[in-house]
Amino acid sequence: MAAALSILCCSGNMGNSPTNDTLSSWIPPKGLNPSTGLVFDIILVGMQEATFKVKKKLDAGVVDADEIVDIDIDIDIPPPSPPRPQNPDPTTRRKSVLKTIKKQASQAIGVTHNKLNQISKNIATSYDSSENKFMKKSFNQIPAQDSKLLEGAISSILGNSYVPTVRHQRGEMRLHLYTTKDISAKLTGVWLATENTGIASLLANKGGIAARIEIEDRLSLSFISCHLEAHEGNQHYLGRISNLEEILEGTKIPPCLNLLDTTQISHHSFLMGDLNFRTDFGETANNQKNEDNGEAHQAHQANLTKAFGFIEKEDFAGLARFDELDRMLENSEGLVGGWKSIPPTFAPTFKVQKNVAGTTYNKQRVPSFTDRVLYKSIDNLNNLLGVLSFDSCPEFTSSDHKPVKASFEIKNVDAHRVIKPSPPSKQFGLSSSSSKEPLKLTFSNIKCEGLTAMDPAIMGGKSDGFVQFSSISPRFMELPASRKRGTFKRRKHWPKTSTIENELDPVWAGEEVVVKLRVNTDAELEGKFLVLTVFDEDNLSANDVIGSVLLNCGRFGGTEKEKEKEAVEFEDLVLVRNGMPQGKISFTVKIDWPLENDGELSRFSTFRNSVSSVGGGGG
C-alpha cells in the first residue's frame, strides 16, 4: 500500500431541490486534488435534504453532469412488484423498470429514444455492483428517479477511476463513498449502519448513516454523515448532543461486541453533515419568528448585529468563538474521546438566500457554521492523521446552506495494525508448553471517579462497578480458562476486578489485575490496543456498559531513558460511551518483560514508563 492515503469529505444540505449549479464546484472533477494534482484515494459525499422531483424536459444531445442534476421528468415509477421465485434476479427487474420509465418519458415529453437510452446507460452503470462484492445486497432495491439522476451526476464528475463502495439513502439523507480502483481492490471489509433521530426516533428526516471500511486487513476507517436537530436555543443545542449520542449508539458496526461504537474500533473516523450547531452570543431569542414577542425580537436583532459585525470585517475566527459545536467539544458535553473540529476560515454557511451566488444571508436566522467536518484518531495515532484543507462552496445556490469539503492525509499507512474485536475464545490460551513467554502488565491503584449512575433510585441510585480488561487486537492476549459449570469444557474470560457495590467513586485498594500479552519486542506492541471497560454488574440481566477507554500499547515502548523510569501512572482518563463522558479512571501499570533465551532479562528494563496521562482521550 502507498505510504500515505488522501481522503476528501464533502457535505452539503441540498435543500430538497435539483441543483442548477455546477456540482464540480463542490465535488472535484476526476477526483483531482487541486493542491497536488493527484486524485484523492477516498471521496465521501454526505447529503441532507437530498430528495426532489424530476420534471424538466430533456434536450437532445449527450447527457453531462450538470444536465443530469437539472433533469425534471414527471414520471410515476410503478411500485416494485412482489418478488417472484422464478425470477429473483434484481438486474432483470431493474431493466424492466427502466424500460417502463423510458416508455412513459417518451410519451410524456417526446424525448428521443436515443437520448433516453444514454440516460439509462448512465443510470445502469451507476448501479452496477458487480465489481463490489461487499455491497451487492445494497443495490437490490430499485432507486427512485432523483437517486438515479443525482448519483449518475456524481459518478459522471468523478469519472471511471472511482468505484462506488457505499451508496445509501435513508429518508432525505444520503451517503456515498467512492474509492479508487486501486483502493477498492484492497478492501477486506465494508459495513453500513443507520439511525433515525426524527420525531420519536422513527422519522428519517434527521439521523445518521455510518460506514466502516477495512483496507488490506490493516487500516480501518469510519465515516458518519448526520443531519441533527434544527433551531436556535439551548433546548435544541441539547437535542443535537442527544442526537449524536443516539447515532453513535444506533450505528454500532460489527465486530464491536456491542461494547464500543464504530469510531472506537477504527483507526481514524470522520463525522460530517448539517450538524445545525448555531452561533450563540448568550442572548435568548428562541421565538424570533414572533415579532409580537418584543424581548425575543430585540435579542434576535442584537445577535444579528453582532454576527454581521464579524462578517463585514471577515473576522470569521472571531465569530467562530461563539460557535456551539466548539463549545460542546471544549466543555466535554458531547463527542468526547478525541474528536476535533476544523476551524472555519470562511463565511458562515447558513442561512443564505437560495439561488443567489455568494453568501447573502436570510435574516430570519443568525448566520452560523452549521455545516461541519470533524475527525478523530484512537489513542496515540493523532500524529498519523493530518488536515489539508477546509473550504465552503459559495457558488452552490440550490439550498439555504453552502456545502463544505475537507481533505485529509493519513500518513505511514503501514504503521496501522488490524483491529478485529473478538470474544475471549479468539485470544491465546495459557500454555505452559509455549516457547514464547508473555509480557506481563500488572494494573494496580485502580480507581474511578464520577461514574454514571446505572441503578434506579429504588436500588440505591448508583452503580455496582467492575473493570474488565480486553483487546480489540486479535490473538494478542493470553487468557486463563475456567471450567464451565456442569460440563468438561473450559472457557476463556477477560481479566477483571472485583465488583464494588453501590458506589460512583470506587477504589480497588490493594487489588491487582495481571494482563499477559504475547509480545517480545517494542515492534510487536505498536498498533495493538487494550480496552478498559467499566461495567455495572446486574444479577438478573446482562451487565451494563458504563464507559470504556482505549490504551495504545505502543505507549509502553519509547527511548531507553524513558524505560529506566519506574512511574507508570495513568490519571483521569475519560470513560466514554456513545461519545458521552461517563466518569474517569486512573491506574498504575507495572511492565514485566519476558526473559531472553539465556535466562537473563531482555534488553528492556523490568519497569517502564508510558505516559503520566492520556489527557482524556482514548475513547
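Trainee: Which residues of β10 are buried on one side, and which on the other?

Mentor: This is a predicted model, and in it Asp371, Val373, Tyr375 and Ser377 are buried on one side of β10, while Arg372, Leu374 and Lys376 are buried on the other, so that both faces are covered. In general, the side chains of a regular strand alternate between the two faces of the sheet.

Trainee: And how many residues of the strand are buried?

Mentor: Seven of the seven, residues 371–377, are buried, and β10 is therefore largely enclosed by the rest of the structure.

Trainee: Which strands pair with β10?

Mentor: Strand β8 (residues 268–274) pairs with β10 in the antiparallel sense over seven bridges, with Phe270 standing opposite Tyr375. Strand β9 (residues 340–341) also pairs with β10 in the antiparallel sense, over two bridges, and there Ser341 has Leu374 as its bridge partner.

Trainee: Switching to the packing, what does Phe223 touch?

Mentor: Leaving aside residues up to four places away in sequence, Phe223 touches Ile7, Ile42, Leu44, Leu175, Leu177, Ile209, Ala210, Ala211, Ile213 and Phe270. Phe223 is also one of the residues that touch the most other members of the largest nonpolar core, which has 46 residues; Leu5, Ile7, Ile42, Ile213, Leu221 and Phe408 are the others named with it.

Trainee: Which helix gives the largest share of that core?

Mentor: Helix α7 (residues 294–312) does, with five residues. Another core, of 35 residues, lies apart from this one and includes Leu451, Val467, Val549 and Cys553.

Notes:
Residues are numbered from 1 along each chain as its sequence is written. This is a predicted model: local features need pLDDT of at least 70, side-chain atom pairs count only at pLDDT 80 or more; totals for chains, interfaces and linings use all residues. Side-chain values use heavy atoms; hydrogens and water are left out. A nonpolar core is a set of buried Ala, Val, Leu, Ile, Met, Phe, Trp, Tyr and Cys residues joined through side-chain atoms within 4.5 Å. Buried means under 20% relative accessible area, exposed over 50%, partly exposed in between (1.4 Å probe, protein chains only). Helices (H or I, at least four residues) and strands (E, at least two) are DSSP runs, numbered from the N terminus. Contact means heavy atoms within 4.5 Å. Two strands pair if DSSP finds at least two bridges between them.
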